[in-house]
Amino acid sequence: ANVPVHGEWKEVFDDASKQLYYANGATGETRWDRPLEMGPTPHASGWFGRGAAGSKAAAGYEANDVEYLKRPARQQVDYVASKNTVLEGAYEYNLWWGKYLGEHWGDKTREPAETRCVLATDAGRTKADGARGAAAFCLFFARGSCGHGSNCRYFHRIPVRKDLDRLARDEQRDVFGRERHRDFRDDMTGVGALMKPCRTLYVGSLLKAEYADPMALEEALWRNFGEWGEVENINLISRLSIAFVRYRYRAHAEFAFMAMANNHLDHGENLNVRWAHDDPNPVAHDAAARADADALVEMLKAKGAAVDGGEVVADAPLDYAAPPPKRAKSEDAGAAYPDTDAQYADAARAWTAVPVPGEPSRTYWWNEATGETSAAKPAAVADAACDAANAALDAADAAAEEAAGAG
């Protein structure tokens with residue numbers, strides 16, 4: 001059996017799934033789960049998830065998925081609302097918020113969810129599992145309110161490895177098939193942002209007084225949010241009754257968002273779930289930058305680039321002669337740029353101002369070398385005049401400085 005060797009594990013980028021996995025250089029073993037020997041994940045894991053050290057959650061999700069597909073999905077509710085159903089008083093459809101608005105727009109209260117998805121009893125096989133093409137996951141199933149059961153055209157389960165690989169190839173849509181916006185909504189709810197692949201959920205309205213201690217509350221968070229995918233880290237701020245739940249994969253975070261919004265843990269909470277803002281802590285910014293840099297190096301390796309010590313080594317053709325490096329303009333301008341004064345001086349001398357016949361007050365320009373004429377002053381003449389004026393000013397400044405020094 002392959003025995004993991006401490007210090008031999010490293011991150012490797014899989015170009016097919018656009019995710020990181022782990023490889024042991026001594027034994028050749030590879031795995032998706034983060035080895036315990038590598039220690040905890042960074043304070044901020046950046047663009048790509050790393051997983052919780054020593055976690056076997058992914059294997060559990062795969063095993064459960066096999067069992068779920070052996071049975072038809074359960075019908076969660078008996079009644080399915082018509083697509084034409086509109087809340088009374090809400091007759092104006094807002095494209096940005098994606099829902100009907102009206103006299104209820106000013107009501108900011110959050111009603112507790114009436115249903116909740118329970119994978120152990122609800123998940124199962126649907127028409128999507130036997131259909132060709134890429135189907136999305138059922139949004140109503142995540143909320144616990146799908147009335148179609150096994151006849152649903154969407155998946156009634158959580159994403160596993162085969163789904164994550166497919167979802168990673170379409171950044172335009174979320175796990176439920178909804179188009180992502182460029183940026184987050186003002187209230188940090190909804191589909192999410194295309195430009196920021198957030199995997200962290202803000203969870204508010206925790207009832208810490210209902211739990212014996214913060215450790216019991218954190219255990220409830222791990223258990224309830226871990227039902228929807230691999231949780232990488234939970235940062236519980238007990239004094240504020242809030243928590244930040246970070247998933248390894250974005251698809252799991254999107255599923256958990258809909259499953260837990262306005263839902264509860266163990267004591268009837270009405271959870272306030274939103275997408276989390278970027279951590280303002282400088283330590284988190286540095287950790288995310290380092291994590292992204294490490295992932296970038298692994299991406300280049302996966303593409304076949306030679307990387308040594310974190311720097312890309314480009315192999316140039318044998319007959320290729322690299323041009324000399326460009327030199328920035330400095331005080332020693334003569335050494336940085338060639339002297340073209342003589343060239344442009346000759347060009348300026350070739351032009352002559354000639355009076356217009358019958359109109360002595362007007363002139364045009366004639367080039368003795370080429371015979372070219374111009375009504376406007378040629379650029380070479382203007383440049384030469386400008387250079388002469390600058391030279392005169394420089395000479396005057398030098399004379400003034402010399403006189404001041406002599407005095």
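User: What makes Asp187 and Arg185 a salt bridge?

Analyst: In this predicted model, the closest N and O atoms of Asp187 and Arg185 are 3.5 Å apart. The cut-off is 4 Å, between a side-chain nitrogen of Lys or Arg and a carboxyl oxygen of Asp or Glu. So the pair counts as a salt bridge.

User: Why is Asp187 called partly exposed?

Analyst: Asp187 has a relative accessible area of 26%. Buried means under 20% and exposed means over 50%. The value falls in between, so Asp187 is partly exposed.

User: And Arg185, buried or exposed?

Analyst: Buried: Arg185 has 12% relative accessibility, and the limit for that label is under 20%.

User: How do you know that Glu232 and Arg246 pair?

Analyst: Their closest N and O atoms are 2.7 Å apart. That is within 4 Å, so the salt bridge label applies. Glu232 lies in strand S7 (residues 231-237) and Arg246 in strand S8 (residues 242-247), so the pair ties together parts 14 residues apart in sequence.

User: Why are Glu232 and Arg246 called buried?

Analyst: Glu232 has a relative accessible area of 3%. Arg246 has 8%. Both values are under 20%, so each residue counts as buried.

User: Which residues do salt bridges join into one network?

Analyst: Asp65, Asp129, Arg157, Lys162, Asp163 and Arg166. What links them is that their salt bridges share partners. The count of salt bridges comes to 25.

User: What makes Glu171 and Arg180 a salt bridge?

Analyst: The N to O distance between their side chains is 3.9 Å. The limit is 4 Å, so the pair qualifies. Glu171, at 40% relative accessibility, is partly exposed. Arg180, at 12%, is buried.

User: Why is H7 called mostly covered?

Analyst: Eleven of its eleven residues are buried. Among them are Arg250, His252, Glu254, Phe255 and Met258. The cover over the buried residues of H7 includes helix H4 (139-143), helix H5 (161-167), helix H6 (214-225), strand S6 (200-204), S8 and strand S9 (272-275).

User: Which residues touch the most other members of the largest nonpolar core?

Analyst: Leu206, Phe225, Trp228, Tyr247 and Leu265, in a core of 53 residues. The largest share of this core, eight residues, comes from helix H7 (residues 250-260).

User: Which residues does Leu265 touch, not counting those up to four places away in sequence?

Analyst: Its partners include Leu206, Phe225, Leu217, Leu221, Met260 and Leu271. Arg116 and Asn224 are also among them.

User: What share of contacts joins residues at least 24 apart?

Analyst: Of contacts between residues at least 6 apart in sequence, 59% do.

User: How many of the residues count as buried, overall?

Analyst: Of the 407 residues of the protein, 35%. The accessible surface comes to about 24500 Å², and 54% of that belongs to carbon and sulfur atoms. The secondary structure comes to eleven helices and 14 strands.

Conventions
Residues are numbered from 1 along each chain as its sequence is written. This is a predicted model: local features need pLDDT of at least 70, side-chain atom pairs count only at pLDDT 80 or more; totals for chains, interfaces and linings use all residues. Side-chain values use heavy atoms; hydrogens and water are left out. Helices (H or I, at least four residues) and strands (E, at least two) are DSSP runs, numbered from the N terminus. Buried means under 20% relative accessible area, exposed over 50%, partly exposed in between (1.4 Å probe, protein chains only). Contact means heavy atoms within 4.5 Å. Accessible areas come from the Shrake-Rupley method with a 1.4 Å probe; for residues, only the protein chains shown count as cover. A nonpolar core is a set of buried Ala, Val, Leu, Ile, Met, Phe, Trp, Tyr and Cys residues joined through side-chain atoms within 4.5 Å.
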